Amino acid sequence: MGRGRGPHQPGRGAEGRGHRPSLPERVEAALGESRDILRDVWIWVLVGVGVGAAIHGWVPTDFFARWAGPDNPLAVVVATLAGVPLYVNGAGVVPVGEALWAKGMGLGTVMAFMMSSIALSGPMAIMLRRVMRPPLLALYFGSVTLGIVALGLVFNIVG
């Protein structure tokens, strides 16, 4: 075993034999992971860009000003609730957020929408239900919702 290492230390195999990957092996592993991530995400990025373009080009500016604009004291709550039925990933929601911000929505309101569409979505609830009991799931959704609303309000005040 050498130098006092046991079989359970990082970099060691189950039988105590370790393999330190070479640079080419590390590069190949990184490229493989990158391909896997890109294969999983590319469609959501395109959907996000498409939704962002639709919002930017077709939705009237006064729509967002009326429902989630700076004059609406409940804008952050409205945006947080509006994001819940959506299911997007972090990369796909950025173009949507940019389009909403360009239409005059406050920064905190946009951030609340983006965060809620990722963290509070229906598919997220289904995935979490597999590992959490209903009371814990309710605590998760309640605390995350309160945190998102609080951060949105702070960013609207500061920004």
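A residue is called buried when its relative accessible area is under 20%, exposed when that area is over 50%, and partly exposed in between, using a 1.4 Å probe and protein chains only. This is a predicted model, in which local features need pLDDT of at least 70 and side-chain atom pairs count only at pLDDT 80 or more, while totals for chains, interfaces and linings use all residues. Residues are numbered from 1 along each chain as its sequence is written, and side-chain values use heavy atoms, with hydrogens and water left out.

The chain has seven helices and zero strands; helices (H or I, at least four residues) and strands (E, at least two) are DSSP runs, numbered from the N terminus. Along the sequence the pattern reads α-α-α-α-α-α-α. Of the 159 residues in the chain, 27% are buried. Contact here means heavy atoms within 4.5 Å. Among contacts in the chain with a separation of 6 or more, 67% are between residues 24 or more positions apart.

Helix packing comes next. Two packed helices are described by the angle between their axes and the distance between the axes. The axes are lines fitted to C-alpha atoms, for helices over the stretch in contact, and the angles run from 0 to 180 degrees between N-to-C directions. Helix H4 (residues 90-102) and helix H5 (residues 107-119) have axes that come within 10 Å and cross at roughly 155 degrees. H4 and H5 are therefore roughly antiparallel to each other, since angles over 145 degrees count as roughly antiparallel, under 35 as roughly parallel, 65 to 115 as roughly perpendicular and the rest as oblique. On the H4 side the contact is made by Gly90, Val93, Val94, Val96, Gly97, Leu100 and Trp101, and on the H5 side by Leu107, Val110, Phe113, Met114, Ser117 and Ile118.

The loop between H4 and H5 holds glycine 104. With a relative accessible area of 42%, glycine 104 is partly exposed. Its C-alpha atom is separated by 9.0 Å from that of alanine 68, which is 36 residues apart along the chain.

Helix H6 (residues 122-129) packs with helix H7 (residues 134-158) at an angle of about 145 degrees, the axes being 10 Å apart. From H6, Met124, Ala125, Leu128 and Arg129 meet Pro134, Leu137, Tyr140 and Phe141 of H7.

Tyrosine 140 and phenylalanine 141 also belong to the next topic. Rings of Phe, Tyr and Trp (its six-membered ring) pair if their centres lie within 6.5 Å; planes under 30 degrees apart count as stacked, over 60 as edge-to-face and the rest as tilted. The whole structure has one aromatic pair. Tyrosine 140 and phenylalanine 141 form this edge-to-face pair, at 5.1 Å centre to centre and with 90 degrees between the planes. Phenylalanine 141 is buried because its relative accessible area is 17%, whereas tyrosine 140, at 22%, is partly exposed.

Charged side chains remain. A salt bridge is a side-chain nitrogen of Lys or Arg within 4 Å of a carboxyl oxygen of Asp or Glu, and the count by this rule is two. In one, the closest N and O atoms of arginine 39 and aspartate 36 are 2.3 Å apart. These two residues are three residues apart in helix H1 (residues 23-58), so about one helical turn separates arginine 39 and aspartate 36. Arginine 39 is exposed at 54%, while aspartate 36 is partly exposed at 32%. Glutamate 28 forms a salt bridge with arginine 35, with 3.3 Å between the closest N and O atoms. Glutamate 28 is partly exposed at 46% relative accessibility, and arginine 35 is partly exposed at 46%.
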